[in-house]
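Dear colleague,

Please find below the structure that I am handing over to you. My notes on it follow directly after.

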Amino acid sequence: MCAHVLVAEDDEMQAELIRRSLLAEGHTATVVHDGRAALDAAHRLRPDLVVLDLMLPVIDGFGVCRVLRRDDDIPVLMLTARTAEDDVLLGLELGADDYMTKPYSPRELMARIRTVLRRSSRAPAERRDESVVRAGGVTVDRVRHEVRCEGALVECTPAEFEILLAMAGEPERVFSRRQLLEVTRGTDRASTERAVDVHVMNLRRKIEADPRRPARLLTVFGVGYKLSGGRG
C-alpha cells in the first residue's frame with residue numbers, strides 16, 4: 001500500500017531519516033517541525049497517517065493529537081522519548097493508534113506504520129471482508145469501516161474498531177488483554193497490555209449509557225473483556 005504520511009518531528013535529522021525510509025517503502029511524505037504546522041498540514045493535505053513526535057514546539061504532540069481526534073479520523077503513530085507509562089497511556093487515551101519510544105530502528109518504525117495503515121479506514125477495499133457483524137446492539141461494518149450503537153454512528157479510532165470487530169464477531173467470548181493487543185497492534189509485548197484498558201475505557205464512553213456501569217463491554221475479572229448481548 002502506498003500512502004501519504006505526515007511526519008511531525010522537530011529533530012531535522014530524525015525527520016529526514018523517517019522521510020527517506022518512507023520513500024524507500026514507496027510512500028510519499030510531508031515533513032513539518034512544530035505542532036501548529038502539523039495541524040495546518042493535516043487539515044490541508046488529509047494524509048493517510050501522522051507520525052507525531054510528542055516533544056514538538058509551539059503545540060506539543062498531546063495537543064496535536066487532541067485536535068486531530070476532535071476534528072478528524074487520521075491515524076496517529078506517536079514517537080516519544082518519554083518512557084513513563086502515564087505519558088504513553090495519555091497519548092493512547094487521546095486517541096493515538098500506536099506509539100514507539102526512542103531510540104527505535106527505522107525497520108521497526110516502517111513495520112509499525114504498515115500495521116497502522118492496514119487496519120485504518122484507508123486500507124484498500126480488496127483487503128476488507130464485506131460482512132457486517134452485530135452483537136449487543138453494536139453493528140460493525142467492515143466495508144464502510146463504521147460502528148453503530150443502537151443505530152447511531154459511533155466515531156472510533158482504528159484500534160477501537162478492531163477491538164469491536166473482533167468482539168462482535170464472537171459475542172460472549174472472553175478476550176484476554178494479550179489477545180486484544182494482538183488484534184490492535186500485531187504484537188504480543190506484555191509491557192503494552194495496559195493500552196488495551198485505555199481503548200476499552202474509551203469505547204465504553206461511546207457505546208455505554210453509563211460507562212461506569214457497563215452493560216455491553218464487560219470486564220471479566222482476572223481474565224479480560226467480553227461483548228455481551230449475543231448476535232443480532
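**Notes on the structure**

Glu172 is found in the loop between α6 (158–169) and β10 (175–176); helices (H or I, at least four residues) and strands (E, at least two) are DSSP runs, numbered from the N terminus. Please note that this is a predicted model, in which local features need pLDDT of at least 70 and side-chain atom pairs count only at pLDDT 80 or more, while totals for chains, interfaces and linings use all residues. Residues are numbered from 1 along each chain as its sequence is written, and side-chain values use heavy atoms, with hydrogens and water left out.

Glu172 has a positive phi of about 75° although it is not a glycine. Its relative accessible area is 36%, so Glu172 is partly exposed; buried means under 20% relative accessible area, exposed over 50%, and partly exposed in between (1.4 Å probe, protein chains only). His145 is another residue other than glycine with a positive phi, near 50°. This residue lies in the loop between β7 (138–141) and β8 (146–149). His145 counts as buried because its relative accessibility is 18%.

A cis peptide bond, with omega about -5°, joins Lys102 and Pro103. Pro103 is placed in the loop between β5 (98–101) and α5.

**The chain as a whole**

The protein chain has 8 helices and 12 strands. Of its 232 residues, 50% count as buried. Among contacts (heavy atoms within 4.5 Å) between residues at least 6 apart in sequence, 60% join residues at least 24 apart.

The C-alpha atoms of Asp10 and Met55 are separated by 7.7 Å, and the two residues are 45 apart along the chain. Leaving aside neighbours within four places in sequence, Asp10 is in contact with His33, Asp53, Met55, Leu56 and Pro57. Asp10 has a relative accessible area of 35% and is therefore partly exposed.

**Nonpolar cores**

A nonpolar core is a set of buried Ala, Val, Leu, Ile, Met, Phe, Trp, Tyr and Cys residues joined through side-chain atoms within 4.5 Å. The largest one has 28 residues, of which Val50, Leu52, Val64, Leu68, Val76 and Leu92 touch the most other members. Two or more residues each are given to this core by β1 (4–8), α2 (35–45), β3 (49–53), α3 (61–71), β4 (76–80), α4 (85–93) and α8 (194–207). The largest share, 5 residues, comes from α3.

Not counting residues up to four places away in sequence, Val50 touches Leu6, Leu68, Ile74, Pro75, Val76 and Leu77. A second, separate core has 25 residues, including Ala135, Met167, Ala168 and Val200.

**A helix pair**

The axes of helix α1 (residues 12–24) and helix α5 (residues 106–119) come within 10 Å and cross at roughly 60°; axes are lines fitted to C-alpha atoms, for helices over the stretch in contact, and angles run from 0 to 180 degrees between N-to-C directions. Helix α1 is therefore oblique to α5, since angles under 35 degrees count as roughly parallel, over 145 as roughly antiparallel, 65 to 115 as roughly perpendicular and the rest as oblique. The contact is made by Leu17, Ile18, Ser21 and Leu22 of α1 and Pro106, Leu109, Met110 and Ile113 of α5.
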